[in-house]
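Work through the exercises below with the structure in view. Each task is followed by its solution.

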Amino acid sequence: MPKIEIMPSILAADMGNLEAAVRQCEQAGADQIHLDIMDGVFVPNISMGPAVVEMVNRATELPLDVHLMLIRPQEHIEAFAKAGSDAIMIHIEADCNVEDTLQKIRDLGCKAGITVNPPTPIDSIFPALESGLVDEVLIMSVNPGFGGQRYIADAEEKVAEVRRRYPDLLISIDGGIDLETVTPAAAHGANLFVSGTSLFKAPDMKEAITSMRSAAEAAFNSAI
Ligand code: DX5
Ligand code: ZN
(Lines give C-alpha, C1' and ligand atoms only; values in the text may rest on other atoms or scores of the structure.)
(Ligands and ions follow the chains in the order given, each with its own letter.)
Protein backbone atom coordinates (compact mmCIF):
# COMPACT_ATOMS: atom_id res chain seq x y z
CA MET A 1 0.00 0.00 0.00
CA PRO A 2 1.43 3.44 -0.86
CA LYS A 3 2.68 5.40 2.14
CA ILE A 4 1.14 8.76 3.04
CA GLU A 5 3.71 11.56 2.82
CA ILE A 6 3.59 15.33 3.27
CA MET A 7 5.75 17.53 1.05
CA PRO A 8 6.01 21.23 1.91
CA SER A 9 6.39 23.43 -1.20
CA ILE A 10 9.18 25.91 -0.57
CA LEU A 11 7.61 28.31 -3.07
CA ALA A 12 5.72 29.57 -0.02
CA ALA A 13 8.89 29.94 2.09
CA ASP A 14 10.95 33.06 2.75
CA MET A 15 13.34 32.88 -0.22
CA GLY A 16 15.73 35.16 1.63
CA ASN A 17 16.33 32.43 4.16
CA LEU A 18 15.81 29.19 2.35
CA GLU A 19 18.20 27.22 4.52
CA ALA A 20 16.17 28.09 7.61
CA ALA A 21 12.95 27.17 5.77
CA VAL A 22 14.35 23.76 4.82
CA ARG A 23 15.48 23.15 8.39
CA GLN A 24 12.02 24.16 9.60
CA CYS A 25 10.45 21.55 7.27
CA GLU A 26 12.84 18.87 8.55
CA GLN A 27 12.17 19.67 12.19
CA ALA A 28 8.43 19.72 11.52
CA GLY A 29 8.57 16.13 10.23
CA ALA A 30 8.20 16.72 6.47
CA ASP A 31 8.72 13.58 4.39
CA GLN A 32 10.07 15.31 1.26
CA ILE A 33 10.60 18.85 -0.04
CA HIS A 34 8.67 19.95 -3.15
CA LEU A 35 10.35 22.50 -5.45
CA ASP A 36 8.39 24.43 -8.07
CA ILE A 37 10.45 25.32 -11.14
CA MET A 38 8.78 27.89 -13.44
CA ASP A 39 10.11 29.33 -16.69
CA GLY A 40 7.75 32.26 -17.31
CA VAL A 41 6.55 30.58 -20.54
CA PHE A 42 4.82 27.36 -19.53
CA VAL A 43 3.37 29.34 -16.61
CA PRO A 44 3.21 33.13 -16.21
CA ASN A 45 5.66 33.15 -13.30
CA ILE A 46 9.43 32.62 -12.90
CA SER A 47 10.72 30.92 -9.78
CA MET A 48 13.96 29.01 -9.21
CA GLY A 49 16.62 27.17 -11.19
CA PRO A 50 19.06 24.29 -10.59
CA ALA A 51 21.31 26.41 -8.32
CA VAL A 52 18.47 26.71 -5.82
CA VAL A 53 17.79 22.95 -5.97
CA GLU A 54 21.49 22.38 -5.30
CA MET A 55 21.40 24.74 -2.34
CA VAL A 56 18.36 22.98 -0.86
CA ASN A 57 20.02 19.61 -1.45
CA ARG A 58 23.07 20.72 0.51
CA ALA A 59 20.86 21.87 3.38
CA THR A 60 18.87 18.65 3.86
CA GLU A 61 18.87 14.87 3.66
CA LEU A 62 15.16 14.86 2.75
CA PRO A 63 14.25 13.68 -0.76
CA LEU A 64 13.62 16.48 -3.27
CA ASP A 65 10.48 16.26 -5.42
CA VAL A 66 11.14 18.62 -8.32
CA HIS A 67 8.15 19.89 -10.34
CA LEU A 68 9.23 21.26 -13.72
CA MET A 69 6.75 23.81 -15.09
CA LEU A 70 8.92 24.26 -18.18
CA ILE A 71 7.89 24.34 -21.82
CA ARG A 72 10.98 22.33 -22.87
CA PRO A 73 11.88 20.19 -19.83
CA GLN A 74 14.08 17.82 -21.85
CA GLU A 75 16.71 20.55 -22.12
CA HIS A 76 17.06 20.89 -18.36
CA ILE A 77 16.69 17.36 -16.95
CA GLU A 78 20.39 16.80 -16.61
CA ALA A 79 20.98 20.05 -14.71
CA PHE A 80 18.17 19.29 -12.26
CA ALA A 81 19.30 15.69 -11.77
CA LYS A 82 22.88 16.82 -11.08
CA ALA A 83 21.57 19.44 -8.65
CA GLY A 84 20.29 16.63 -6.40
CA SER A 85 16.68 15.96 -7.45
CA ASP A 86 15.31 12.61 -6.28
CA ALA A 87 12.15 12.75 -8.39
CA ILE A 88 11.54 14.94 -11.44
CA MET A 89 8.03 15.70 -12.71
CA ILE A 90 7.37 16.86 -16.26
CA HIS A 91 4.03 18.15 -17.58
CA ILE A 92 2.07 16.21 -20.17
CA GLU A 93 1.30 19.63 -21.74
CA ALA A 94 5.02 20.43 -22.28
CA ASP A 95 6.59 20.55 -25.72
CA CYS A 96 8.61 17.33 -25.53
CA ASN A 97 8.59 13.64 -26.31
CA VAL A 98 7.16 12.46 -23.00
CA GLU A 99 8.45 8.89 -23.05
CA ASP A 100 11.96 9.88 -24.12
CA THR A 101 12.09 12.51 -21.40
CA LEU A 102 10.83 10.10 -18.71
CA GLN A 103 13.47 7.59 -19.83
CA LYS A 104 16.13 10.29 -19.62
CA ILE A 105 15.06 11.12 -16.05
CA ARG A 106 15.35 7.43 -15.07
CA ASP A 107 18.70 7.07 -16.84
CA LEU A 108 20.01 9.90 -14.64
CA GLY A 109 19.01 7.92 -11.54
CA CYS A 110 15.88 9.86 -10.55
CA LYS A 111 12.25 8.80 -10.15
CA ALA A 112 10.23 9.96 -13.14
CA GLY A 113 6.90 11.69 -12.81
CA ILE A 114 4.18 13.01 -15.05
CA THR A 115 1.86 15.85 -14.11
CA VAL A 116 -1.43 17.04 -15.53
CA ASN A 117 -3.08 20.49 -15.40
CA PRO A 118 -6.73 21.02 -14.38
CA PRO A 119 -8.11 21.53 -17.93
CA THR A 120 -6.24 18.51 -19.38
CA PRO A 121 -8.15 15.20 -19.54
CA ILE A 122 -6.64 12.45 -17.43
CA ASP A 123 -6.58 9.95 -20.30
CA SER A 124 -3.81 12.06 -21.87
CA ILE A 125 -1.34 10.47 -19.43
CA PHE A 126 -2.46 6.84 -19.87
CA PRO A 127 -0.02 6.04 -22.71
CA ALA A 128 2.84 7.31 -20.51
CA LEU A 129 1.58 5.20 -17.59
CA GLU A 130 1.28 2.15 -19.81
CA SER A 131 4.87 2.64 -20.95
CA GLY A 132 5.96 1.67 -17.41
CA LEU A 133 8.24 4.71 -17.20
CA VAL A 134 6.26 6.58 -14.54
CA ASP A 135 7.02 6.34 -10.80
CA GLU A 136 4.81 9.24 -9.67
CA VAL A 137 1.71 10.96 -11.04
CA LEU A 138 1.21 14.54 -9.89
CA ILE A 139 -2.36 15.78 -10.26
CA MET A 140 -2.68 19.59 -10.25
CA SER A 141 -5.54 20.88 -8.12
CA VAL A 142 -4.83 24.51 -9.15
CA ASN A 143 -3.71 26.02 -12.45
CA PRO A 144 0.05 26.10 -11.92
CA GLY A 145 2.06 29.28 -11.58
CA PHE A 146 1.35 30.59 -8.11
CA GLY A 147 0.95 29.39 -4.55
CA GLY A 148 -2.03 30.29 -2.40
CA GLN A 149 -4.77 29.48 -4.91
CA ARG A 150 -8.11 27.83 -4.23
CA TYR A 151 -8.33 24.02 -4.47
CA ILE A 152 -10.16 22.71 -7.57
CA ALA A 153 -12.10 19.64 -6.43
CA ASP A 154 -12.42 18.27 -9.99
CA ALA A 155 -8.88 16.95 -9.47
CA GLU A 156 -10.29 14.26 -7.18
CA GLU A 157 -11.94 12.30 -9.99
CA LYS A 158 -8.59 12.23 -11.82
CA VAL A 159 -6.87 10.89 -8.72
CA ALA A 160 -9.55 8.22 -8.35
CA GLU A 161 -9.26 7.18 -12.00
CA VAL A 162 -5.49 6.72 -11.78
CA ARG A 163 -5.77 4.91 -8.42
CA ARG A 164 -8.36 2.48 -9.82
CA ARG A 165 -5.95 1.49 -12.59
CA TYR A 166 -2.71 1.56 -10.57
CA PRO A 167 -3.27 0.59 -6.91
CA ASP A 168 0.43 0.80 -6.00
CA LEU A 169 1.48 3.95 -7.88
CA LEU A 170 2.67 7.12 -6.11
CA ILE A 171 -0.06 9.72 -6.66
CA SER A 172 0.51 13.26 -5.49
CA ILE A 173 -1.85 16.22 -5.47
CA ASP A 174 -0.63 19.80 -5.69
CA GLY A 175 -2.41 23.08 -5.06
CA GLY A 176 -4.63 24.40 -2.30
CA ILE A 177 -3.97 21.45 0.01
CA ASP A 178 -4.78 22.23 3.64
CA LEU A 179 -6.25 20.42 6.63
CA GLU A 180 -9.69 20.39 5.00
CA THR A 181 -8.91 19.54 1.38
CA VAL A 182 -6.43 16.80 2.29
CA THR A 183 -9.32 14.57 3.40
CA PRO A 184 -11.26 14.30 0.10
CA ALA A 185 -7.97 14.14 -1.84
CA ALA A 186 -6.79 11.16 0.24
CA ALA A 187 -10.22 9.52 0.16
CA HIS A 188 -9.96 9.51 -3.65
CA GLY A 189 -6.57 7.80 -3.49
CA ALA A 190 -3.83 10.43 -3.33
CA ASN A 191 -0.94 9.41 -1.06
CA LEU A 192 1.51 12.32 -1.48
CA PHE A 193 0.42 15.83 -0.55
CA VAL A 194 2.13 19.02 -1.68
CA SER A 195 1.28 21.96 0.56
CA GLY A 196 2.80 25.42 0.51
CA THR A 197 0.76 28.28 1.91
CA SER A 198 -1.14 26.23 4.47
CA LEU A 199 2.02 24.75 6.06
CA PHE A 200 4.21 27.87 5.92
CA LYS A 201 1.42 30.09 7.30
CA ALA A 202 0.57 27.67 10.11
CA PRO A 203 1.47 28.93 13.59
CA ASP A 204 3.17 25.58 14.28
CA MET A 205 4.34 23.68 11.17
CA LYS A 206 4.99 20.48 13.12
CA GLU A 207 1.45 20.42 14.42
CA ALA A 208 0.14 21.25 10.90
CA ILE A 209 2.08 18.39 9.25
CA THR A 210 1.13 15.91 11.97
CA SER A 211 -2.58 16.79 11.65
CA MET A 212 -2.43 16.73 7.86
CA ARG A 213 -0.78 13.30 7.86
CA SER A 214 -3.31 11.85 10.34
CA ALA A 215 -6.27 13.22 8.36
CA ALA A 216 -4.82 11.80 5.13
CA GLU A 217 -4.10 8.38 6.64
CA ALA A 218 -7.62 8.13 8.09
CA ALA A 219 -9.26 9.13 4.78
CA PHE A 220 -7.00 6.95 2.59
CA ASN A 221 -7.49 3.86 4.79
CA SER A 222 -11.23 4.30 5.11
CA ALA A 223 -11.56 4.48 1.34
CA ILE A 224 -9.83 1.19 0.54
C1 DX5 B 1 1.65 25.77 -8.13
C2 DX5 B 1 2.69 24.87 -7.51
C3 DX5 B 1 2.38 24.38 -6.15
C4 DX5 B 1 2.23 25.43 -5.10
C5 DX5 B 1 1.34 24.91 -4.03
O6 DX5 B 1 2.12 26.19 -9.36
O7 DX5 B 1 2.91 23.74 -8.33
O8 DX5 B 1 3.32 23.41 -5.71
O9 DX5 B 1 3.45 25.84 -4.55
O10 DX5 B 1 1.10 25.93 -3.15
P11 DX5 B 1 -0.20 26.06 -2.26
O12 DX5 B 1 -0.19 24.94 -1.27
O13 DX5 B 1 -0.01 27.40 -1.64
O14 DX5 B 1 -1.39 25.99 -3.18
ZN1 ZN C 1 4.24 22.05 -7.50
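**Exercise 1.** Decide whether Ile152 is buried, partly exposed or exposed.

Solution. Ile152 has 28% relative accessibility, so it counts as partly exposed. The classes use a 1.4 Å probe and protein chains only: buried is under 20% relative accessible area, exposed is over 50%, and partly exposed is in between. Ile152 is in the loop between strand S6 (136-140) and helix H6 (155-165). Helices (H or I, at least four residues) and strands (E, at least two) are DSSP runs, numbered from the N terminus. Finally, look across the fold. Ile152 and Gly176 are 24 residues apart in sequence, and their C-alpha atoms are 7.8 Å apart.

A note on the source: this is a predicted model, in which local features need pLDDT of at least 70, side-chain atom pairs count only at pLDDT 80 or more, and totals for chains, interfaces and linings use all residues. Residues are numbered from 1 along each chain as written, chains are lettered from A and ligands numbered from 1 in the order written, and side-chain values use heavy atoms, without hydrogens and water.

**Exercise 2.** Find which residues make polar contacts (N or O atoms within 3.5 Å) with ligand 1.

Solution. Start with the side chains. A polar side-chain atom of Thr197 is 2.4 Å from an oxygen atom of ligand 1. For Asp36, a side-chain N or O atom is 2.8 Å from a ligand 1 oxygen. Then take the backbone. A polar backbone atom of Gly176 is 2.8 Å from an oxygen atom of ligand 1.

How values were computed: A polar contact is a pair of N or O atoms within 3.5 Å; within protein, one must be able to donate a hydrogen and the other to accept it, and residues adjacent in sequence count only if both atoms are side-chain atoms.
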